[in-house]
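Thanks for making the time this morning.

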Amino acid sequence: MYLSCRLMSNPTNHKIIQHEEFVLEESKTVEFKAHDRLSMTELTTREVDERLFQPSSRTLCAFLNINKTCGLYLGVKDDGTVNGHHMFYARKQHFKQALDHLLQHKFDPPVDKYRYSVNFIAVGAQNGSVPMKEPQLTIMEEHKLLQQPGHCWCDKEINDCKRNGQFPPLFIIHVQINHGMLKKDSCGYKLWPYYTTEEGKCFKRYNASNHELTHVQIVEETEIDLKSLAIS
């Protein structure tokens with residue numbers, strides 16, 4: 001966790017520049033990741049074995065389980081340096097689809113749509129250069145390409161552009177987790193559910209890090225929640 005030297009404010013109110021320091025700091029409700037891998041299935045065997053990356057699903061789960069408004073910023077390094085991700089419109093749509101699939105079909109229980117949102121924060125180049133314009137697709141072309149299976153075609157397109165010295169626009173991907181509503185369990189108690197990831201693991205946020213909870217700890221945390229709800 002960093003010293004409190006940065007602004008704790010809305011990043012969209014500030015001009016974000018690549019390789020400079022981000023306007024937020026990591027905390028219980030803010031997490032940075034340089035990569036954009038959402039789930040364990042997106043990591044290579046080497047990345048998993050050598051623990052090079054942790055999937056963002058663990059942080060999203062940890063945020064959901066503290067039931068506060070939280071922000072995950074993809075494209076910001078652990079030390080707070082802005083990298084950003086090169087993205088065209090189709091790459092943004094692919095990310096949104098992958099996030100919906102993860103949270104609504106791989107998490108248990110499925111995450112309600114109102115609990116999360118995505119926006120893309122523009123990042124300026126440090127040298128002031130203007131990014132290339134995005135290729136225009138018809139609605140039919142866009143729909144066909146978004147449905148293609150296998151390796152993401154838009155990643156290949158972006159890599160081809162960079163190899164040719166052309167750079168698509170840069171963005172930080174901001175996934176916001178929103179405060180949830182109480183739900184009735186099988187016994188009729190109104191509680192906030194504890195979510196598990198696509199790995200079947202449960203995480204909760206403490207200070208500025210994610211902690212995996214055992215089944216016993218989930219029961220203990222639920223009992224604490226019940227007591228706090230009874231007091232309130």
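Let me begin with Cys202, which counts as buried because its relative accessibility is 3%, and please keep in mind throughout that what you are looking at is a predicted model. Cys61 is likewise classed as buried, with a relative accessibility of 0%.

So what is the distance from the sulfur of Cys202 to the closest cysteine sulfur? That closest sulfur belongs to Cys61 and lies 5.0 Å away, which is too far for a bond, given that a disulfide requires the two sulfur atoms to be within 2.5 Å. The count of disulfides by this rule is accordingly zero, and Cys61, whose nearest cysteine sulfur is that of Cys202, takes part in none.

Turning to the second largest pocket, the space inside amounts to about 340 Å³. Its lining is made up of 20 residues, and those closest to the centre are Glu31, Phe32, Lys33, Gln54 and Asp78. Four elements each contribute two or more residues to this lining, namely β1 (30-33), α2 (56-64), β8 (202-206) and β9 (209-213), with β1 supplying the largest share, three residues. Sorted by class, the lining has eight charged, seven nonpolar and five polar residues.

Finally, the helix: α3 runs over residues 89-106, which is 18 residues, and spans 25 Å between its first and last C-alpha, close to the 26 Å expected at 1.5 Å a residue.

Notes
Residues are numbered from 1 along each chain as its sequence is written. This is a predicted model: local features need pLDDT of at least 70, side-chain atom pairs count only at pLDDT 80 or more; totals for chains, interfaces and linings use all residues. Side-chain values use heavy atoms; hydrogens and water are left out. The expected span of a helix is 1.5 Å times one less than its number of residues. On a 1 Å grid over the protein atoms alone, a cavity is a set of points where a 1.4 Å probe fits but cannot get out, and a pocket is an open set with protein on both sides within 12 Å along at least five of seven lines; lining residues have an atom within 4 Å of a point. Grid points are joined across faces, edges and corners, and a volume is the space filled by probe spheres set on the points. Ala, Val, Leu, Ile, Met, Phe, Trp, Tyr, Cys and Pro count as nonpolar, Asp, Glu, Lys and Arg as charged, and the others, Gly among them, as polar. Buried means under 20% relative accessible area, exposed over 50%, partly exposed in between (1.4 Å probe, protein chains only).
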